Amino acid sequence: MYEIWLAMNIVYEIALGIWPLLALLLVVWLAMLVAARGRLGARQAGRALLLGGLVTVALFFSVPALTQSSFANMGYWVDWANLLAIALGLGALAAVFSLPLFGLVARRR
């Protein structure tokens, strides 16, 4: 349990250091949603979920190499949980940001 608490604290401290960037990304995302309103539908949502899933799978297999590690070094369940959380979090971020983009390039209904 300590390892999970430590990982959550590390993420929180990193977010504190870059909060202006996170706030800017939130504003950009909200602006894209407002611009794409009326064009969002099930097709765009499906495409965004597919892209998010592909990003998740790609990151699950590439993050260990990107961090100069490997699957052989992951011998503890917390390592696997962190890898899965990183992949799922960034995959969800890709889906959330791609949804309004797919809406913006779609034709009006």
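Q: How is the packing of helix α3 and helix α4 described, and at what angle do their axes cross?

A: Two packed helices are described by the angle between their axes together with the distance between those axes. In this predicted model, helix α3 (residues 42-66) and helix α4 (residues 77-105) have axes that come within 7 Å and cross at roughly 150°. Angles over 145 degrees count as roughly antiparallel, and α3 and α4 are therefore roughly antiparallel to each other.

Q: Is the crossing of α3 and α4 left-handed or right-handed, and which classes of residues form the contact?

A: The crossing of α3 and α4 is right-handed. The contact of α3 with α4 has 19 nonpolar, 6 polar and 1 charged residues.

Q: How is the pair α2 and α4 read in these terms?

A: The axes of α2 and α4 come within 8 Å, with a crossing of roughly 30°. Angles under 35 degrees count as roughly parallel, which makes α2 roughly parallel to α4. The crossing of this pair, α2 and α4, is left-handed.

Q: Which residues make the nonpolar surface patch, and which elements give two or more residues to it?

A: The patch, of about 900 Å², is made by Y2, L6, I10, I14, I18, L21, L22, L24, L25 and V28. Two or more residues each come from α1 (2-17) and α2 (19-36). The most is given by α2, with 5 residues.

Q: Where is I18 placed?

A: I18, one of the patch residues, is in the loop between α1 and α2.

Technical notes: Residues are numbered from 1 along each chain as its sequence is written. This is a predicted model: local features need pLDDT of at least 70, side-chain atom pairs count only at pLDDT 80 or more; totals for chains, interfaces and linings use all residues. Side-chain values use heavy atoms; hydrogens and water are left out. Axes are lines fitted to C-alpha atoms, for helices over the stretch in contact, and angles run from 0 to 180 degrees between N-to-C directions. Helices (H or I, at least four residues) and strands (E, at least two) are DSSP runs, numbered from the N terminus. Angles under 35 degrees count as roughly parallel, over 145 as roughly antiparallel, 65 to 115 as roughly perpendicular and the rest as oblique. A crossing is left-handed if the near helix is turned anticlockwise from the far one by less than a right angle, and right-handed if clockwise. Ala, Val, Leu, Ile, Met, Phe, Trp, Tyr, Cys and Pro count as nonpolar, Asp, Glu, Lys and Arg as charged, and the others, Gly among them, as polar. Patches are made of residues with over 30% relative accessible area and no salt bridge: like charges are joined within 9 Å, nonpolar side chains (Val, Leu, Ile, Met, Phe, Trp, Tyr) within 5 Å. Accessible areas come from the Shrake-Rupley method with a 1.4 Å probe; for residues, only the protein chains shown count as cover. A salt bridge is a side-chain nitrogen of Lys or Arg within 4 Å of a carboxyl oxygen of Asp or Glu.
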